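Grab a pencil and keep the 3D view open while you work. Try each exercise before you read its solution.

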Amino acid sequence: MKARSTLRRTWLHCLLVVCTLGLSALAVAHHSFAMFDSGNQQRLVGTVTQFDWTNPHIYIELDAADPSGEIKHWTIECANISILSRLGWKFNILKPGDMITIVVAPLRNGEPGALLKQLMLSDGSKWGNGAPAGPPTIDIETGEKLDG
Amino acid sequence: MAKHKKHLLPLTVAFSVLSTLVAIAAEPARIDGKWFAYPGQVDPLQLTIEPPPPIPEPPLKPEYLAQWRALRAEIQAAEQRGEPIASGYTHCIPDGMPTMMQGMFPMEVLESEGQVTIIQEAYQQVRRIYLDDEQQPWEEAEPRFWGHSVARWEGDTLVVDTVGIKENVMFRNVPHSPAMRISERIRLIDDMHMVDEVTVTDPEYLTGPWQWTWMYARNPDYKLYEYVCENNREYADPETGEARLRLFGE
């Protein structure tokens with residue numbers, strides 16, 4: 001009986017993997033994030049200049065210093081009201097003037113736009129950007145590459 | 001006579017209780033409520049029961065199948081290059097049928113007298129299914145995003161027939177003619193799960209029925225969010241058709 005339930009669990013697990021892969025292909029067809037380079041993530045520390053709690057995407061406008069210390073303006077695309085509300089975000093989570101740290105996947109074309117992977121507020125709380133946007137691959141506190 | 005009347009009262013009560021019970025038993029199981037796509041892609045759910053098998057390739061006629069496969073390959077190659085081809089979503093165009101039945105976000109099913117209404121949170125899509133109504137011939141059906149749906153209850157299964165889908169409203173980029181027909185069998189598999197068995201037929205494009213099953217998990221506490229595509233900063237490059245992001249101030 002135990003062997004049977006283990007077998008069933010394994011079967012369900014395989015199905016989940018297959019479904020997730022299949023559905024990822026579907027997600028790509030729905031709305032692609034391929035313009036962003038998820039394999040080359042960056043950590044940015046900066047000041048919010050505008051926060052748009054809107055659909056089809058939420059946007060953070062951010063002034064962040066580059067490694068040479070020069071301030072550069074970034075447009076950060078986040079998921080949307082539906083996904084982020086279900087993750088606990090609220091319309092007033094950010095406001096102009098807030099200092100934040102983010103991990104992003106920058107645009108492949110080199111323009112200062114990016115897809116959010118993770119947000120850290122000044123109180124240290126960390127917020128994801130939902131399943132379709134995918135997880136961060138670098139540590140939001142240190143910028144070090146994460147395992148796996 | 002008075003004695004007989006005395007016996008009639010309990011009989012009347014018993015009859016009325018019995019007819020109420022019969023009416024309840026005959027009442028189809030209610031599908032109304034808030035439903036998440038299961039196992040879900042945008043809001044992945046814990047796997048509790050076996051999910052449906054993957055959707056098969058459409059049984060397109062050979063000439064259309066070759067074109068469709070080539071398009072899929074082109075879309076995939078563009079993705080891999082990091083130059084995604086703009087889709088309907090880039091222009092804030094809603095799914096339409098049948099895609100909205102497994103749209104991006106949760107959906108709400110409302111049962112009312114003579115009608116079942118389905119609201120998909122993404123793009124606030126609304127589909128109205130008229131019960132026990134006559135379907136119009138597809139030739140007469142105005143092409144729409146969600147078409148024209150009529151249904152009847154067969155026991156605990158809502159059997160829905162839909163015609164009149166606009167030709168540019170496609171599921172998985174599969175082409176179709178105005179004669180496309182979508183048949184659905186929607187039913188509860190337990191209190192918390194629902195299935196929609198979909199069959200698409202199209203004499204012009206398909207060699208036979210294209211069938212798959214979608215599943216849903218109930219979330220009674222969920223309240224749908226409003227969705228208005230008011231701040232769309234993505235656009236299709238007029239030269240390449242590539243999806244792009246408009247930066248602040250552009």
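**Exercise 1.** How many bridges join strand 5 of chain B to strand 6 of chain B, and in which sense do these strands run?

*Solution.* Keep in mind that you're looking at a predicted model.
- Start by finding residues 148–154 of chain B, which form strand 5, and residues 157–163, which form strand 6.
- Now count: seven bridges link the two, and the strands run antiparallel.
- Check one pair: E154(B) sits opposite T157(B) of strand 6.
- Finish at the hairpin, where two residues lie between the strands and G155(B) has a positive phi near 65°.

**Exercise 2.** Find out which residue of strand 7 of chain B stands opposite D161(B).

*Solution.*
- Strand 7 of chain B covers residues 181–190 and pairs with strand 6 in the antiparallel sense, over five bridges.
- Go to D161(B) and look across: you'll land on S183(B).

**Exercise 3.** Describe the side of chain B that touches chain A, by element and by class.

*Solution.*
- First, the head count: chain B brings 33 residues to the contact and chain A brings 39.
- Next, the elements giving two or more residues on the chain B side: helix 2 (62–81) and strand 11 (243–245).
- Strand 11 of chain B gives the most, with three residues.
- Last, sort by class: you get 20 nonpolar, five polar and eight charged residues.

**Exercise 4.** Sum up the make-up of chain B.

*Solution.*
- Chain B holds two helices and eleven strands.
- Read from the N terminus, the order is α-β-α-β-β-β-β-β-β-β-β-β-β.
- Out of 250 residues in chain B, 30% count as buried.

Key. Residues numbered from 1 in each chain as written. Chains lettered and ligands numbered in written order. Predicted model: local features only at pLDDT ≥ 70, side-chain atom pairs only at ≥ 80, totals over all residues. Contact = placed C-beta atoms within 7 Å. Helix = DSSP H or I, 4+ residues; strand = E, 2+ residues; numbered from the N terminus. Nonpolar A, V, L, I, M, F, W, Y, C, P; charged D, E, K, R; others polar. Pairing = 2+ DSSP bridges. Buried ≥ 20, exposed ≤ 12 C-beta atoms within 10 Å, placed from the backbone.
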